[in-house]
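Welcome! Take a look at the sequence and the model, and then we can walk through them together.

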Amino acid sequence: MSAPLPDPAPRALRLSLAFEGGLALPETGVIAVLHPRAGEDISPLPQDRVRVVTPHAPDHAAFSAQGYACTRDQGPPVADTVPDAAAADPAAAVLVCLPRNREEARDLVARAAAMAAHTGGPVILDGQKTDGIEALLRALRDRVALSEPLSKGHGKIAWFAATDAAALADWRAAQRAVTDESGRRFVTQPGIFSSDGADPGSALLLASLPAGLKGRAVDLGAGWGWLSTGLLAQSPKISELHLVESDARALACARENVADPRAVFHWADATHPLPGLSADLIVSNPPFHQGRAGQPGLGQAFLRAAAAMLAPSGQLWLVANRHLPYEATLAQAFTTHREVAAEAGFKVLLAERPRRATAPQRARRAT
Ligand SMILES: C[S@@+](CC[C@H](N)C(=O)[O-])C[C@H]1O[C@@H](n2cnc3c(N)ncnc32)[C@H](O)[C@@H]1O
């Protein structure tokens, strides 16, 4: 499981304030909590009625470990055959944990209103100022009967009765289509990484990869599959490509985008090696943000997991922003590493001959 956020939103403080300020929950029925992050405290809600809905595998694992019922959120339908599980699931009340992306935030609020419409139950909005809660509440005021917002911990909480699901129907997000420079078409969703098109760092990594790569490959943090698509297209000798991605919405897009029988999809936390998966090649454009905060530790955990998954002769190819401090981690986890390309603020690094962690090291990492 990934480390909890360094700055978890103080949701418990604001929920308690809201209950003191007149927020009332229906006496029975599910309370859906949309997109809370690991490390956040939602304990003022009755745990036996809460259903956490999240696209993020580490958050799903963290709340499940605390005993919460959890469901995976794949976002807006990617294809007609994929049901929009969260919106179809009615709830007596819904708490929206505000994400920073405006389109994603509006979609969550509209979905919450649709989920609670059958009871007219409260839709509760909670978020940090830095994530745009004030602008969201301003936009909502014209459309629903919003409570007076309450402020605490650099954020706000407010609520409204979901009496009219149609009032916010135009805030629902749809999948979007993007075309890359070579004319290939992909589907993406708001809120996932680089949803407007291919990431320039991934493009540099793909262009730096040599011809003739072969064997079992892994894309750690595969997103909606742009890098994987290119890797498979230029490497006919790759026998399998495992796409490991923690965001279920991105992975749902990747399933649509990577139409190659060699692709295998995993909704998983790449900060830990996938059990039983031994790779000849790993490519990665590791994330360095978790929630609101920049965290090189997240990318460093990817590198250690890659070393643990690679065969002794395996290679890790990664791209990163130039300022990210990955070399020391590579020196610990691999016998050799070097920079093979640098352009437009990015560097491509190649690491070879993974060192095997000793048992005490493995034990330390697991804690
Ligand atoms: C910089 S993006 C690269 C995406 C993709 N490879 C590309 O080229 O477009 C990093 C990806 O890692 C995913 N990610 C973040 N934390 C993760 C974790 N703990 N486990 C697996 N994937 C994670 C993000 O959702 C994002 O899609």
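Which strands does helix H4 lie across? Helix H4, residues 102–116, lies across strand E1 (31–34), strand E4 (93–97) and strand E5 (122–128). Please keep in mind that this is a predicted model. With that in hand, here is the rest of the picture, topic by topic.

**The protein as a whole**

- The secondary structure of the protein comes to 11 helices and 18 strands.
- With a radius of gyration of 22 Å, close to the 21 Å that the globule rule gives for 367 residues, the protein is as compact as a globular protein of that length.
- Taken along the principal axes, the box filled by the C-alpha atoms is roughly 60 × 50 × 35 Å.
- Of the 367 residues, 47% count as buried.
- Among contacts between residues at least 6 apart in sequence, 67% join residues at least 24 apart.

**The seven-stranded sheet**

- Seven strands make up an open sheet with mixed pairing, and their order is E3-E2-E1-E4-E5-E7-E6.
- At the edges stand strand E3 (69–72) and strand E6 (150–152); each has a single partner strand, so one side of each is left without a neighbour in the sheet.
- From one strand to the next, the twist averages 20°.
- Strand E6 and strand E7 (residues 155–161) run antiparallel and are joined by three bridges.
- Leu-150 stands opposite Ile-157 in E7.

**Helices lying across the sheet strands**

- Helix H4 runs at about 170° to E4, one of the strands that this helix lies across.
- Helix H2 (residues 57–65) lies across strand E2 (50–54) and E3, and its direction is at about 165° to E3.

**The nonpolar cores**

- The largest nonpolar core has 56 residues, and those with the most contacts inside it are Leu-205, Leu-231, Ala-254, Ile-282, Val-283 and Ala-306.
- Helix H9 (residues 296–309) gives the most to this core, contributing eight residues.
- Apart from this core lies another one, of 44 residues, including Leu-34, Val-53, Val-123 and Leu-168.
- Not counting residues up to four places away in sequence, Leu-231 touches Leu-206, Leu-209, Ala-217, Asp-219, Ile-238, Leu-241 and Val-283.

How values were computed: Residues are numbered from 1 along each chain as its sequence is written. This is a predicted model: local features need pLDDT of at least 70, side-chain atom pairs count only at pLDDT 80 or more; totals for chains, interfaces and linings use all residues. A nonpolar core is a set of buried Ala, Val, Leu, Ile, Met, Phe, Trp, Tyr and Cys residues joined through C-beta atoms within 7 Å. A residue is buried if 20 or more other C-beta atoms lie within 10 Å of its own, exposed if 12 or fewer, and partly exposed in between; C-beta atoms are placed from the backbone. Helices (H or I, at least four residues) and strands (E, at least two) are DSSP runs, numbered from the N terminus. Two residues are in contact if their C-beta atoms, placed from the backbone, lie within 7 Å. Two strands pair if DSSP finds at least two bridges between them. Axes are lines fitted to C-alpha atoms, for helices over the stretch in contact, and angles run from 0 to 180 degrees between N-to-C directions. The radius of gyration is taken over C-alpha atoms; the globule rule is 2.2 Å times the number of residues to the power 0.38.
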